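Hi,

Here is the structure I said I'd pass on.

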Amino acid sequence: MIELHFLILAIVVSFGFVFSYLAMKEHDLLKALALSSVQSTFFALGFYILAAPDIVLAYLAIAVGAYTALVILAISKTERYEVGE
């Protein structure tokens, strides 16, 4: 039974890393922010699998809620697309 939890945890964290990579490679800042929110949700699911519901609630409120709102505010005051070299 414990091996199943570790397998699910490994899959969830792997998806989190994939979405982190996709967010770093994205040139549209709003799409990168959406990918970062999905990555945060996968990591919160990983915390839930590790039986830390208090950390999950705080992580979701900060990483998906407050962080996303602040970055959208910052993006609205600047350019939406990242300029490449």
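Below is what turned up, going through the annotations first and then a few residues.

Some ground rules: this is a predicted model, where local features need pLDDT of at least 70, side-chain atom pairs count only at pLDDT 80 or more, and totals for chains, interfaces and linings use all residues. Residues are numbered from 1 along each chain as its sequence is written, and side-chain values use heavy atoms, with hydrogens and water left out.

**Annotations.** An unreviewed UniProt entry lists "transmembrane region" for residues 6-23, 30-50 and 56-75. UniProt positions are in the numbering used here, feature names are shortened, and annotations may be inferred rather than shown by experiment. Residues 6-23 are 100% helix and 0% strand, with 25 Å between the end C-alpha atoms. For residues 30-50 the figures are 95% helix, 0% strand and 30 Å. Helices (H or I, at least four residues) and strands (E, at least two) are DSSP runs, numbered from the N terminus. The unreviewed entry also has "domain: MrpA C-terminal/MbhD" over residues 18-80; that stretch is 84% helix and 0% strand, and its end C-alpha atoms sit 23 Å apart.

**Helix H2.** Ser 40, in helix H2, is buried at 6% relative accessible area (buried is under 20%, exposed over 50%, partly exposed in between; 1.4 Å probe, protein chains only). Not counting residues up to four places away in sequence, Ser 40 touches Tyr 59, Ala 63 and Val 64, where contact means heavy atoms within 4.5 Å. Leu 35 is also in helix H2 and is buried, at 18%. Leaving aside neighbours within four places in sequence, Leu 35 contacts Phe 19, Leu 22, Ala 23 and Glu 26.

Most residues other than glycine have a negative phi. Ala 51 lies in the loop between helix H2 (29-49) and helix H3 (53-76), and is exposed, with a relative accessible area of 62%.

Met 1 lies in the segment before helix H1 (2-25) and is exposed, at 70% relative accessible area.
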